[in-house]
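This report looks at backbone geometry and helix packing. The structure comes first, and the text then turns to particular residues.

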Amino acid sequence: MLNTTESISAVPHSFISTAPRRAAERPHPAGLLSLATAVPPHRIDQTEAAEAMHHIFADIFANSATMSGVFASTGIRHRYAARPLDWYLRPLGWPERTEVYAEEGTRLFIEVANKALDAAGVTPGEVDAVVFVSSSGIATPSLDAVVHKQMGFRADIERVPVFGLGCAGGVTGLAVASRIAEARPGSTVLMVTVELSTLSFRLDRPDKASLISSALFGDGAAACVLRSGETGLAVIEGAGEHLWPDTLGIMGWSIDPVGFGVILVPDVPSFAATNLRPAVEGILGRIGLSVEDIGRFVCHPGGTKVVAAIERSFSLPQGSLDHERGVLADYGNMSAPTVLFILDRVLKEGLPERATLVSMGPGFTASCVSLARAA
């Protein structure tokens, strides 16, 4: 078996790129031409969800003072879901969850992809590659293939389905799409992320992780169109990830015959407050930037405590991440698409000279994409 470390060290250092070049130094940086968002039709008010969960998780509420106010403390007013609230309150298994994932996921994919393509002035037949990111359901063929005929994609379109990134998926998916676009000047890349995280709700798992996820998760989708050599809304300057060792148990899914079960440790906010900034500094440094160069951090809001922890980590004034709190209030935590909902608001408000998307997800991983304002 090839020892990768040894093989790299044997190559003369002059041939190894230790840091990606910034957009200004690259001949064909990827431009973000458009961004679109979509949600399923069923709105669940937080008060309705809290009332239903108080019955299901009665023992936890009765025995834990900290859990009694969990729904009120999220900062969420309402969320959107693939099915009405009552649907989630009956016994469900893999077949029922997978059927909804395929049906509603397909519908959301088509809706949000067409919105992004229309905004970019691009037809489906002009798309050269599609990056599809999702971690809340399983379909083989993946949904990017399921929608192929309905969308009108070409037969030679390149498909890149990505699973398992969780909340980091929106940022990493954008990074993957930008690298494909940059590597093939003139090509058009569509990135779509669809998450139906509410399908992971489990009546048979009356634990604190399930209760917290029932207070946070919503469903949604986002899509971007990218093309190298064009500026559009912004230019992708660079991207990177940081994976912390020995942190596999912080976030993810456990899988059993009933479905996905959430793994979520309660100290994510304290972890973010302590560890996020050094990781982001390392990523930015590798693309030739520093924290001081960033006019706006666009961050995935795992919850209100995570948002506050990120502000502390980057020494931002309290309340700086206003759009993060606003999206959380209006949509909940939609996993991968959430940060793109926030970016949409930042773009409409007016992108600063430079902004950096930041999200954390299973691994435990931080993912970043740096954007420069279009000239």
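S315 lies in the loop between α12 and α13 (322–331), where helices (H or I, at least four residues) and strands (E, at least two) are DSSP runs numbered from the N terminus. The model is predicted, so that local features need pLDDT of at least 70 and side-chain atom pairs count only at pLDDT 80 or more, while totals for chains, interfaces and linings use all residues. Residues are numbered from 1 along each chain as its sequence is written, and side-chain values use heavy atoms, with hydrogens and water left out.

Phi of S315 is positive, near 55 degrees, although the residue is not a glycine, and S315 is exposed at a relative accessible area of 59% (buried means under 20%, exposed over 50%, partly exposed in between, with a 1.4 Å probe and protein chains only). D246, in the loop between β8 and β9 (251–256), likewise is not a glycine and has a positive phi of about 60 degrees; D246 counts as exposed at 81% relative accessibility.

| Cis peptide bond | Omega |
|---|---|
| T140 to P141 | about 5 degrees |
| G363 to F364 | near -5 degrees |

P141 sits in the loop between β4 (129–133) and α7 (143–146), and F364 in the loop between β12 and β13.

Helix α10 (residues 208–216) is mostly covered, with eight of its nine residues buried. Those buried residues pack against α2 (46–56), α3 (58–63), α4 (70–73), β3 (78–81) and β10, where contact means heavy atoms within 4.5 Å.
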